[in-house]
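Visitor: I am new to this structure and would like to know what the terms used for it rest on.
Guide: Have a look at it, then ask.

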Amino acid sequence: MMKDLMKAGFMVEMIRTTANMYAHGWDERNGGNISLLLNEEELREYLDTERVVRVIPTGFEAKELDGRYFLVTGTGKYFKNVQYAPEVNLGIVRLMKAGTQAELLWGFEDGGTFTSEFPAHMMSHCARLEADPENRVVMHCHPTNLLAMTYVHDLDERLFTRTLWQMCTECIVVFPDGVNVLPWMLCGTNEIGEATAEKMRTARLVVWAQHGLYGAGRDLDEAFGLIETAEKAAEIYMKIAHLPQINTITDEEMHLLEKRFGVKGREGYLD
Ligand SMILES: [Zn+2]
């Protein structure tokens, strides 16, 4: 007897996360997308993985992900609707033929397909898995204050990261690897996918200037929490950027945080 897919931990978490991200205002309309690498054995308790619904070409190659399973949000789908019709707004796919094909095993029941940012997601998974074999999640959204910050702050990665670290004490603890930044690029292409993946080698957060943010993590909570923390810092920045600033968290204090929480800020980012 197959277990009920709607009760699988990964499905419950995915539905909760999309609803929560929408509630935070990070995923207006069809904005945002998530991909979650699934454990094959766990998935088999809920789904007959021999039954392929249809095959979808991916338009890119990712040999490392051959035979891997992903739960992914659909193109043109609204995060706010996922909880009401997961079988339409989400899909479970298996990558085949060196990642050039995706076998749809469940979902996208209206004939839809995965997010147009699928290349950026899959290439980012490859990059993150190399850096951390436990990585499972890649998440994209449009957090308001981080986006606003890309209009008024220098996009230099060290400067951008330092500003965020200075906005809340917990920042350097939550993302000691910092935030990488891509200039404005056309989205939905393999080019932005490759550029994002390259940036994902050294940080779990990648800002797309004037667009949004990519976050990665070992589970949905971790990726969500990363984005939430960076967005909170950006919110503080946008509240104070136009005011005379008379206090900050000094580099000396950052080093105290490193020591206290056993983290190490990105090499060369602190004096
Ligand atoms: Zn976007």
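**Strands, site and core**

Guide: Strand S3 and strand S4 (residues 90-96) are paired antiparallel, with five bridges between them. This is a predicted model, in which local features need pLDDT of at least 70 and side-chain atom pairs pLDDT 80 or more, while totals for chains, interfaces and linings use all residues. Residues are numbered from 1 along each chain as its sequence is written, and side-chain values use heavy atoms, with hydrogens and water left out.

Visitor: What makes S3 and S4 a pair?
Guide: Two strands pair if DSSP finds at least two bridges between them; S3 and S4 have five bridges, so they pair. Strands themselves are DSSP runs (E, at least two residues), numbered from the N terminus, as are helices (H or I, at least four residues). Within this pair, valine 72 stands opposite glycine 91 in S4.

Visitor: Why are S2 and S7 said to stand at the edges?
Guide: The open sheet of nine strands has the order S2-S5-S4-S3-S1-S6-S9-S8-S7, with mixed pairing. S2 (54-57) and S7 (179-182) each have a single partner strand, so one side of each has no neighbour in the sheet.

Visitor: What makes S3 mostly covered?
Guide: Buried means under 20% relative accessible area (exposed is over 50%, partly exposed in between; 1.4 Å probe, protein chains only). Five of the five residues of S3 are buried. Tyr69, Leu71 and Thr73 point one way, and Phe70 and Val72 the other way.

Visitor: Why are three histidines called donors of the zinc ion?
Guide: Donors are N, O and S atoms within 2.8 Å of the metal (3.2 Å for Na, K and Ca); water is not among the atoms, so sites may look incomplete. The NE2 atoms of His140, His142 and His211 lie 2.1 Å from the zinc ion, so they count as donors. Their spacing along the chain is H-x1-H-x68-H. Histidine 140 and histidine 142 are both buried.

Visitor: What makes a set of residues a nonpolar core?
Guide: The members are buried Ala, Val, Leu, Ile, Met, Phe, Trp, Tyr and Cys residues joined through side-chain atoms within 4.5 Å. The largest such core has 54 residues, and Leu71 and Ile92 are among those that touch the most other members. Helix H10 (residues 220-240) gives the most to this core, with nine residues.
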